[in-house]
Amino acid sequence: MNNKKHHFRNVYLWVLVAFTYIPIISMIVFSFNSGRSLTTWTGFSFVWYEKLFADRDIMEAVLNTVMVAVISTIVSTIIGTLGAIALSKNKKVFRETVMGISNIPILSPEIVTAIAFFVFFGAFAIEKGMTTMILAHIAFSTPYVLLAVYPKVKSLDKDLVSAAYDLGATPRQALFKVILPQIKVAIIAGAAIAFTMSFDDFVISYFSSGTMVKNISIYLYTLKRGIEPTVNALSTIIMLIIGGKIIYDYVKSGKNKVEEE
Amino acid sequence: MAKSGNILFKNHNKQKGKRNLRDVLGLPYYIVVLVLILLPFLIMILYAFSSTSDGTFDITFSLSNFGKFFNEKTFINTMIESLYLAALSTIFTLLVGYPLAYFITKLSRRKQVLMIALVTSTMWVNMLLRANALKQIIDMISPSLMGSNFVIILGNVYMFLPFMVLPIYTVLAKLDVSLLESSADLGASSFKTMTKVVIPLSLSGVISGCMMVFLPAATTLVIPKYLGDGKRFMIGNLIENAVIQKHEYGYGAAISIVLGLILLFFMFLLKKTDKYDEVLDYEQ
């Protein structure tokens, strides 16, 4: 009986892992197809990878995506972290009001937030493009950084900061030498959230960037002639990077555990 | 708070410096919140309630944008269909995801980490790339299915399964094993333990999972684009069409607000079930 149960459990788990990965694996396989077809295999080749790096539109979209993600991550991490530190010392009413407002984009459906930005930029006649996309990304990722950092700031030992002041530290020294080093991990986590959200974002970017500037998602969505194998090649590269990172984290976490034991 | 009072007495000047610094530190965040979050939402509401049709802003109050929406049958129908498909998708994702999360908690610690990583790692991959991957597989197996309700729901399940599994797993993993043991000791069958102990106690995870699936499934642009075969339009596509192609700012804003309110109402209902059951739990 018990054995049968285990058996069913394992089958179920593996079926769902297969369900998750078969489309991805198939896409990776067909990125090496020599022919144009995405469904019939004609032979192995790297031709789509060559085409990918020669395709200026795709390369520009990749560059835009990375640029927007890097800039918005840096800006939102700094603003969100400082905001968390400032808010933790503010009055409750004020803090809750600010946090309530910053929750609006987190709780709203993405498309509603996207339309808000679209109308907002339109109302002030700001021409949509790279700048507006970066502004929108800063707007939606800063609250996430705050959410990641705030609990850590809140749990900081207040005596440490007081001690720093008593020992003659300036406010600036207290911030850089005492507060920031202690919340480093939370800041990195916040930055990682901001970066992936920006890198993967489609809906908000689409409505806030006009028609000229495209990130990877917008490029894919607005592709007129349908998906080409070059896109599979790009997906494969992106997925290998993400997969590598996840495996690295997993192995590292395992090693840490072994060391602890 | 009491502590800072003490310091205030001891060291007036430094306290002042601290306060100034605190305000300066927070300033960029407050600007982001006011200018880049609150203001866009306020302007969207203003636009929805004005007679503006193009980009230029008109201050006269008008409900014409809402009236237009409620008079157009296609819009209402699309809205209902989108919500219906999203609800079905949420139910199927739950039916698939709950056992998955449950079974994972039964594995060894190390395998749990691996399994959760395997199931949720796709969350970090761009939605459009994943939808495209799924489209290719369906094209390979049975292209005639494209555009059907079945494929739309399958697509939602595929996309949003990790968002269902993660919160349920988190709650189940924290579940006190002794509760299950005592349930068995008191003579409950494993089925009864499941329905009377495990499921009620994991309800908060189920509810946040459902929210995280229902919201994006109801508003998705990507699924109809890749799996709709050019003939499926969901509410997101209609908003996109009004705003991007026709530049009807006020109209787009009005639909977004109606959609937002409807979804808010659904979220409210879902949250409500949670609280109700919590009360029941205590009573029992």
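Visitor: What should I know before I start, and how is the numbering done?

Guide: Residues are numbered from 1 along each chain as its sequence is written, and chains are lettered from A in the order in which they are written. The model is predicted: local features need pLDDT of at least 70, side-chain atom pairs count only at pLDDT 80 or more, and totals for chains, interfaces and linings use all residues.

Visitor: Okay. How many helices and strands in chain B?

Guide: Chain B has 13 helices and 0 strands. Helices (H or I, at least four residues) and strands (E, at least two) are DSSP runs, numbered from the N terminus. Along the sequence the pattern reads α-α-α-α-α-α-α-α-α-α-α-α-α.

Visitor: How much of chain B is buried?

Guide: Buried residues make up 39% of its 284 residues. A residue is buried if 20 or more other C-beta atoms lie within 10 Å of its own, exposed if 12 or fewer, and partly exposed in between, with C-beta atoms placed from the backbone.

Visitor: And which domains does chain B get?

Guide: Domain 1 (2-48) and domain 2 (69-283). Those bounds come from an automatic or database domain assignment.

Visitor: How many residues do the two domains of chain B bring to their contact?

Guide: Domain 1 of chain B brings 4 residues and domain 2 of chain B brings 6. Contact is taken as C-beta atoms, placed from the backbone, within 7 Å. The domain 1 side divides into 4 nonpolar, no polar and no charged. Here Ala, Val, Leu, Ile, Met, Phe, Trp, Tyr, Cys and Pro count as nonpolar, Asp, Glu, Lys and Arg as charged, and the others, Gly among them, as polar.

Visitor: Switching to the chain pair. How many residues of chain B are in contact with chain A?

Guide: 65 residues of chain B are in contact with 66 residues of chain A. On the chain B side, helix 2 (residues 12-48) gives the largest share, 21 residues. That side divides into 45 nonpolar, 13 polar and 7 charged.

Visitor: Why does Asp200(A) count as buried?

Guide: Because Asp200(A) has 21 C-beta neighbours inside 10 Å.

Visitor: What about the largest nonpolar core? How many residues?

Guide: The largest nonpolar core has 136 residues. A nonpolar core is a set of buried Ala, Val, Leu, Ile, Met, Phe, Trp, Tyr and Cys residues joined through C-beta atoms within 7 Å. Ile115(A), Val119(A) and Val149(A) have the most contacts inside it. Helix 7 (residues 149-174) of chain B gives the most to this core, with 15 residues. At least three residues come from each of domain 1 (2-48) and domain 2 (69-283) of chain B.

Visitor: What does Val149(A) touch?

Guide: Not counting residues up to four places away in sequence, Val149(A) touches Gly80(A), Thr81(A), Ala84(A), Ile183(A), Ala186(A), Ile187(A) and Gly190(A).

Visitor: Now helix 5 of chain B. Which residues there are buried?

Guide: Met115(B), Ile116(B) and Val119(B). They sit on the same side of helix 5 of chain B because they cover an arc of only 100 degrees around the axis. The arc is that of the directions from the helix axis to the C-beta atoms.

Visitor: How far does that helix reach?

Guide: Helix 5 (residues 109-120) of chain B has 12 residues and reaches 17 Å from its first C-alpha to its last, close to the 16 Å expected at 1.5 Å a residue. The expected span is 1.5 Å times one less than the number of residues.

Visitor: Which residues other than glycine have a positive phi?

Guide: Asp229(B) is one of them, with phi near 60 degrees. His247(B) has a positive phi of about 55 degrees. Most residues other than glycine have a negative phi.

Visitor: Where do they lie?

Guide: Asp229(B) lies in the loop between helix 11 (222-227) and helix 12 (235-245) of chain B. His247(B) lies in the loop between helix 12 and helix 13 (249-283) of chain B. Asp229(B) is partly exposed, with 15 other C-beta atoms within 10 Å. His247(B) counts as partly exposed with 14 C-beta neighbours inside 10 Å.
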